[in-house]
Structures are given as C-alpha cells and as structure tokens.
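Q: I'd like to learn how to read a protein model from the whole chain down to a single residue. Could you walk me through this one?

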Amino acid sequence: MRVKKWIIPAIFSLSVGAFARAPGTYFQVKTELQKISQRNLIEYLNGFVKASAPSRMVGHPGHLAARAFIKETIQKMDKKSTGKLTLVGFTPDVEEAKKFYQKDFNEKVEGKVPKNSPDYQKWAKFTTYMGQLAEKNKAVTGENIVWEKAGINPDKVLVVTAHYDTISHDPNTLMVREKDAMPGANYNASGVSVALGLIQTLSQIEFNYTVQVVFLDWQGIGFLGSYQYAQELKKLTKNGKTLMGVVNLEMLGQDTSFLDKTKQTGNMSVYLRANSQEKKWVESLTQHGSKVVEKITFEIKPNDFPSSDNIRFWEQDILSATFSQNWEDDFNPKFYQTPQDTPETLNHETLYRAYQYLGGAVLGSLLDISK
C-alpha cells in the first residue's frame with residue numbers, strides 16, 4: 001500500500017510559562033475543561049454536520065468538506081501552533097477490505113446459518129457488495145488527520161481517535177443507500193466534536209507525555225483508515241516509543257430514558273477485549289474521568305466489540321477501547337446511519353459530559369493526576 005504524508009509546519013514550544021499552568025488536581029482539570037462550554041461543543045457539532053452536508057460518505061463532496069472543516073478548525077483552535085498538524089494520505093487497500101468482509105462472513109455466517117435461508121443469502125450478497133463498493137471507490141485517496149503535541153517525555157504516547165466519514169445501510173437488505181442524506185450527527189460527528197474540544201483544551205496545557213488526536217477516514221468501508229493508522233502506530237513502537245493505548249470515540253450523543261431498557265440517562269459504555277492489561281488501562285481511564293464529572297458513567301464491557309475502529313488496532317496488538325453509547329440497552333435503529341441522525345436528536349447534555357469525562361481521562365493520564 002502506498003502511503004504519502006503531507007505535513008503542515010508548526011512550531012513547538014515546551015515553555016510552560018507560555019501556556020496555562022499544568023493542572024495538578026482533578027478540580028483544576030475540571031476547571032480547564034469548563035473553559036469550553038456545552039454551547040461551544042454543540043457549535044462544533046452543528047458546524048461540522050452543516051459543512052459536510054448532505055453526506056460525508058467516501059467519494060462524495062461532503063467527504064472532502066469534512067476534511068477541510070476539521071483542518072481549518074484545528075488551525076483556529078491552536079493559533080500558537082503548540083501541536084503539529086499532519087495529513088497522512090493513503091491509497092485505500094481495497095483487497096484488504098474484501099478480505100475483511102469475507103473473513104467476517106466466514107466466521108459469523110458460513111457453517112452457522114443454513115445456505116438456503118434468507119439470512120444466509122442476505123449476508124452473502126452484503127459481503128460481495130461491500131467488496132464491490134470498495135473497488136468502486138479505490139481511486140478515492142484516504143486521509144487521516146493527525147494533531148500531535150509532544151510532552152516532557154515525548155517517547156510515551158497516548159492516542160485519541162474518531163472517524164469522520166459516514167455511511168448508510170438499508171436495514172433490510174444491508175445495501176448502502178448512496179443517495180440518502182447522511183448527516184451523521186451521532187455517527188460520528190459526536191466523536192469528532194469531542195475530539196476537537198479536546199484539542200482546544202490540550203493546546204493550552206503542557207503535560208508529561210505526548211498526545212495524538214487522530215481523525216480517521218474510510219471507516220464505513222472496511223475500517224481502512226484505522227487499518228492504515230494501526231500500521232503507523234506499530235512503526236512508532238518499533239522505533240522505541242511506548243504506546244499507552246488508543247482511546248476511540250464513537251457515537252457519544254445517543255442517550256435517552258424512554259428507549260433505555262433501564263430507564264436511565266448518562267449510562268454509557270466503554271468496549272474492550274477480555275484482556276487483563278487492556279482492562280487495567282481502561283480502569284485507570286475511567287477512574288480519571290469519573291473524578292472530573294458526575295451524572296455520566298462508562299461501564300466497562302470486555303466483549304470484543306466488533307463495530308468500530310478498535311478492531312484494527314487490536315489486529316496489531318495495540319491496547320484500544322471504544323467509548324460510546326450504550327449499544328445493549330439504549331440503541332435507536334431509527335437514527336443509526338439514517339437521514340434522521342441529526343444534531344437535534346442528540347442528548348446535548350450527555351455529549352458535553354462525555355467531553356468532560358474523556359477530557360478527564362486523557363488529561364489525568366497525560367499528567368499522572370492522583371488527587
């Protein structure tokens with residue numbers, strides 16, 4: 001696979017005096033995070049959805065507009081260029097996408113579902129179709145957008161990811177409805193807005209370790225953006241750097257009491273593997289986050305979550321966890337990858353609390369906060 005990198009020059013400064021004093025307590029972390037209001041965060045969300053309308057699907061005009069919005073917003077937030085903005089262009093590995101869908105079919109359908117059943121036929125058609133869709137878009141260059149800020153110890157790195165493309169599947173046939181509007185407010189403008197908020201906060205603070213905030217492309221077709229970036233991170237570890245883990249942000253705005261089986265709000269989820277090392281790392285993240293904001297929790301669920309970019313990092317044996325909505329108890333199929341996934345349908349308070357929680361998790365890790 002051919003990979004190109006385009007780098008936007010930036011000036012690094014490790015002078016603590018030039019920025020806000022690094023927080024030393026959870027209260028101070030919370031104070032820093034509150035400098036971005038709920039209104040600010042929703043403005044990022046609305047602006048991103050509007051700029052990329054009607055769809056951010058790979059190959060559509062909104063896909064390019066989404067990239068432009070993210071890059072321009074980062075440059076406005078980080079006016080002093082405390083971080084480095086790198087555009088990692090890549091040729092989508094179409095053959096890998098085909099292998100991905102075939103492997104999924106072989107493991108979950110073949111030999112488990114009768115070949116003459118409608119379900120077997122539906123998933124067989126879907127597998128073939130997604131390979132064809134990848135082939136159709138093979139000329140659409142991917143671009144992962146990376147903002148990196150070095151810490152006092154630059155060789156220890158924490159990564160935050162959120163994909164920025166959209167896709168819409170017919171729930172009955174599973175085929176992609178390319179002509180549909182795909183506003184993707186929850187999927188995944190919610191994750192993008194939280195990641196942008198984190199950059200605004202991180203740009204004002206010095207910390208112990210390096211952080212990367214990465215906006216991933218080509219998620220909707222074979223998770224090819226995270227497939228490419230996982231290989232980049234593997235190279236990083238081979239070059240002597242320590243990877244703390246990947247905090248993946250996916251669909252953080254869906255939260256209701258009327259659909260929720262437990263009739264609660266604020267009960268979100270973090271998905272990971274049944275891996276003791278990964279669980280220990282995630283527990284430290286949730287401990288940090290819970291000390292910063294109330295009325296929201298992320299329940300730890302080690303169930304090998306197959307529906308987000310974490311799977312591509314797991315393939316490279318990289319610690320990764322997806323912070324998301326409660327898929328088991330509060331999932332709304334009416335809004336998932338449909339034209340109804342608009343900013344107005346989201347729980348804005350929960351989205352803002354998710355930003356504060358994840359900000360606490362990230363800053364707590366980068367600053368070794370303990371009180």
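Predicted model: local features only at pLDDT ≥ 70, side-chain atom pairs only at ≥ 80, totals over all residues.

Q: Is L351 buried or exposed, and why?
A: The cut-off to know is that buried means under 20% relative accessible area. L351 has a relative accessible area of 0%, so it counts as buried.

Q: Which residues does L351 touch?
A: Leaving out residues up to four places away in sequence, L351 touches L41, I42, L45, S190, S193, V194, L252 and G253. As for spacing, the C-alpha atoms of L351 and S365 are separated by 21 Å, with the two residues 14 apart along the chain.

Q: Let's turn to strands. How do side chains sit on one?
A: In a regular strand the side chains alternate between the two faces of the sheet. Here, look at β3: G142, N144, V146 and E148 point one way, while E143, I145, W147 and K149 point the other way.

Q: Which way does β2 run relative to β3, parallel or antiparallel?
A: Strand β2, residues 84–90, runs antiparallel to β3, and 7 bridges join them. As an example, K84 has E148 of β3 as its bridge partner.

Q: How many bridges link β3 and β5?
A: There are 5 bridges between β3 and β5 (residues 209–216), again in the antiparallel sense. Within this pairing, V146 stands opposite V214 in β5.

Q: Now zoom out. How many helices and strands are in the chain?
A: You'll find 10 helices and 9 strands. The chain's radius of gyration is 20 Å, close to the 21 Å that the globule rule gives for 371 residues, so it is as compact as a globular protein of that length. Its C-alpha atoms fill a box of roughly 70 × 50 × 40 Å along the principal axes.

Q: What about contacts and surface?
A: Of the contacts with a separation of 6 or more, 85% come from residues 24 or more positions apart. Of the 371 residues, 57% count as buried. The chain exposes about 15,700 Å², with carbon and sulfur atoms supplying 52% of that area.

Technical notes: Residues numbered from 1 in each chain as written. Heavy atoms only, no water. Buried < 20%, exposed > 50% of the residue type's maximum accessible area, 1.4 Å probe, protein only. Helix = DSSP H or I, 4+ residues; strand = E, 2+ residues; numbered from the N terminus. Pairing = 2+ DSSP bridges. Contact = heavy atoms within 4.5 Å. Rg over C-alpha atoms; globule rule 2.2 N^0.38 Å. Areas by Shrake-Rupley, 256 points an atom, 1.4 Å probe, with all protein chains shown as cover.
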